[in-house]
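Subject: Structure handover

Hello,

Here is the structure for your files. My notes on it follow below.

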Amino acid sequence: MKLTSMEWVVIIGLAVWFAATLGYQCFLVRLIPLAFRWDVFRIVPSWHLYTDIPPARRLYFRDRDAAGQAGQWQEISLRCRVRPARALFNPDLFASDALFSLIEFLCDAVQRTEPPPPERLVKTVGWQGVWLRVASEPRAAGMVARQFEVREHPLAHGSEEARVYASEFLPLPGAKGAT
């Protein structure tokens with residue numbers, strides 16, 4: 001069986017695509033900036049489900065006591081421990097992935113050309129989900145309110161984080177003396 005030149009072009013094109021896809025899966029962390037720059041039509045897929053992709057957005061919170069003193073910002077990690085079988089089954093990554101999706105929903109609402117007013121923003125699924133996660137973090141005694149903020153972490157090394165959204169101080173559930 002003799003192949004025509006067009007069949008060879010198709011075979012070589014598919015082989016290059018498959019090699020690029022395999023390389024993207026193996027070196028995902030290093031190739032994300034390159035893929036976003038050159039894969040304009042997004043033809044190289046990512047087969048990782050709930051993978052440990054470096055998040056471009058980070059979630060921080062801080063507490064306030066009854067006297068009005070605000071504490072230090074603390075990061076809520078979007079990563080979980082890595083297991084050898086993570087490519088096959090890693091249920092720990094589901095919670096991180098869900099939180100990351102909620103953060104994306106919140107940031108999409110904030111960054112629209114006409115963002116919703118604050119009273120409507122707090123009713124969105126993204127805001128409610130992020131607040132539930134932030135409010136569930138352990139708190140020190142005497143803390144009555146909590147504030148959260150989402151920061152954009154650029155993929156380029158050496159660049160500064162930029163604030164995407166910051167909430168007001170909100171009373172913590174069950175806290176006494178909240179204002």
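A contact here means heavy atoms within 4.5 Å. On that basis, residues 24 or more positions apart account for 56% of the contacts in the chain with a separation of 6 or more.

The model is predicted, so local features need pLDDT of at least 70 and side-chain atom pairs count only at pLDDT 80 or more, while totals for chains, interfaces and linings use all residues. Residues are numbered from 1 along each chain as its sequence is written, and side-chain values use heavy atoms, with hydrogens and water left out.

The chain has 5 helices and 5 strands (DSSP runs numbered from the N terminus: helices are H or I with at least four residues, strands are E with at least two). Their order from the N terminus is α-α-β-β-α-α-α-β-β-β.

Of the 179 residues in the chain, 27% are buried (buried is under 20% relative accessible area, exposed over 50%, partly exposed in between; 1.4 Å probe, protein chains only).

Two residues in detail:

- Ser167 lies in the loop between strand 4 (162-166) and strand 5 (170-171). Ser167 counts as buried because its relative accessibility is 3%. Leaving aside residues up to four places away in sequence, Ser167 touches Gln147 and Phe148.
- Phe100 belongs to helix 3 (residues 92-110). With a relative accessible area of 25%, Phe100 is partly exposed. Its C-alpha atom is 9.7 Å from that of Gly126, which is 26 residues away along the chain.

Regards
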